[in-house]
Amino acid sequence: MGREVAESCVDAVVIEMVSAFCHKFYSAEPELAARRIEAIGYQVGHQLVERYTMDCPRFTDHLEAIKFICKEFWSELFKKQIDNLKTNHRGTFVLQDNMFRWIARISPNPLQENSTESSTPNDDNQAAQTTSMHLYFPCGIIRGALTSLGIPCAVSADISNRPACSFVVRIKA
């Protein structure tokens with residue numbers, strides 16, 4: 001594509017969007033904040049895939065569309081392909097990015113960065129929750145892109161091995 005946006009600008013917008021929805025608009029309702037962030041991602045993914053597939057023929061099967069997301073679509077978004085794609089051939093796909101840029105820059109515990117104290121389970125839980133809120137947007141992007149390609153699905157993320165991130169796509173029958 002001819003038009004591009006600086007990575008730092010996109011990173012800043014995503015961080016500010018998550019912060020605003022979690023701390024200003026829906027601070028008492030994190031589930032609603034998560035749904036709103038995912039809905040914005042859905043719209044973005046839907047519009048981007050329409051732009052990127054404008055001159056392409058429609059995909060004939062799910063695997064072909066998922067491969068498009070892993071290669072071309074991800075390359076347009078993050079300047080790299082998905083590192084690994086796994087499937088059970090029954091409608092579940094796992095897309096793994098070993099260095100997912102949007103969580104690689106998030107501190108695991110920003111309050112403790114300059115402290116010598118050890119983290120508490122509550123601090124670790126808060127850090128995991130903050131990071132997971134940042135994953136609703138890319139999950140929405142993937143779901144919006146696939147839905148636009150005619151594949152209704154549910155997308156979730158797993159960050160058990162940061163900064164690696166696995167996106168689990170379950171095709172709805």
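**Group meeting: salt bridges, sheet and core**

Hi everyone, let's start with a contact: Asp 97 makes a salt bridge with Lys 80, and their closest N and O atoms are 2.5 Å apart. By salt bridge I mean a side-chain nitrogen of Lys or Arg within 4 Å of a carboxyl oxygen of Asp or Glu. Asp 97 sits in strand β2 (residues 92-97) and Lys 80 in the loop between α3 and β1 (84-87), so this pair ties together parts that are 17 residues apart in sequence. The helix and strand names come from DSSP runs, numbered from the N terminus, with helices (H or I) of at least four residues and strands (E) of at least two.

A word on what we are looking at. This is a predicted model, where local features need pLDDT of at least 70, side-chain atom pairs count only at pLDDT 80 or more, and totals for chains, interfaces and linings use all residues. Residues are numbered from 1 along each chain as its sequence is written, and side-chain values use heavy atoms, with hydrogens and water left out.

Back to Asp 97. Is this residue buried or exposed? Asp 97 is buried, at a relative accessible area of 1%. Here buried means under 20% relative accessible area, exposed means over 50%, and partly exposed is in between, using a 1.4 Å probe and protein chains only. Lys 80, at 25% relative accessibility, counts as partly exposed. Lys 80 also meets the side chain of Asp 83 in a salt bridge, 2.9 Å from N to O. Asp 83 is partly exposed too, with a relative accessible area of 40%. Through shared partners, salt bridges join Lys 80, Asp 83 and Asp 97 into one network.

The count for the structure comes to three salt bridges. One of them brings the side chains of Arg 143 and Glu 38 together, at 2.6 Å from N to O. Arg 143 lies in helix α5 (residues 121-148) and Glu 38 in helix α2, so the pair ties together parts that are 105 residues apart in sequence. Glu 38 is buried at 15% relative accessible area, while Arg 143 is partly exposed at 23%.

Now, the sheet. As a reminder, strands of a sheet pair through backbone hydrogen bonds, either parallel or antiparallel. Two strands count as paired if DSSP finds at least two bridges between them. β1 and β2 pair over four bridges, and they form a hairpin with four residues between them. In that turn, His 89 has a positive phi of about 60 degrees. On the β4 side, β2 pairs over six bridges, with Val 94 opposite Val 168 and Thr 92 partnered with Arg 170.

Which residues of β2 are on its covered face? They are Phe 93, Leu 95 and Asp 97, whereas Thr 92, Val 94 and Gln 96 make up the uncovered one.

On to the core. The largest nonpolar core has 45 residues, and Phe 73, Leu 95, Phe 100, Leu 146, Phe 167 and Val 169 have the most contacts inside it. A nonpolar core is a set of buried Ala, Val, Leu, Ile, Met, Phe, Trp, Tyr and Cys residues joined through side-chain atoms within 4.5 Å. Helix α3 gives the largest share of this core, nine residues.

Finally, the aromatics. Rings of Phe, Tyr and Trp (its six-membered ring) pair if their centres lie within 6.5 Å; planes under 30 degrees apart count as stacked, over 60 as edge-to-face and the rest as tilted. The whole structure has seven aromatic pairs. One of them, Tyr 52 with Phe 73, is edge-to-face, 5.8 Å centre to centre and 65 degrees between the planes. Tyr 52 lies in helix α2 (residues 30-52) and Phe 73 in helix α3 (residues 62-78), 21 residues apart. Both Tyr 52 and Phe 73 are buried. Another pair, Trp 74 and Phe 78, is tilted, at 4.7 Å and 45 degrees. Those two both lie in helix α3, four residues apart, about one turn of the helix. Trp 74 and Phe 78 also belong to one aromatic cluster with Phe 100 and Phe 167.
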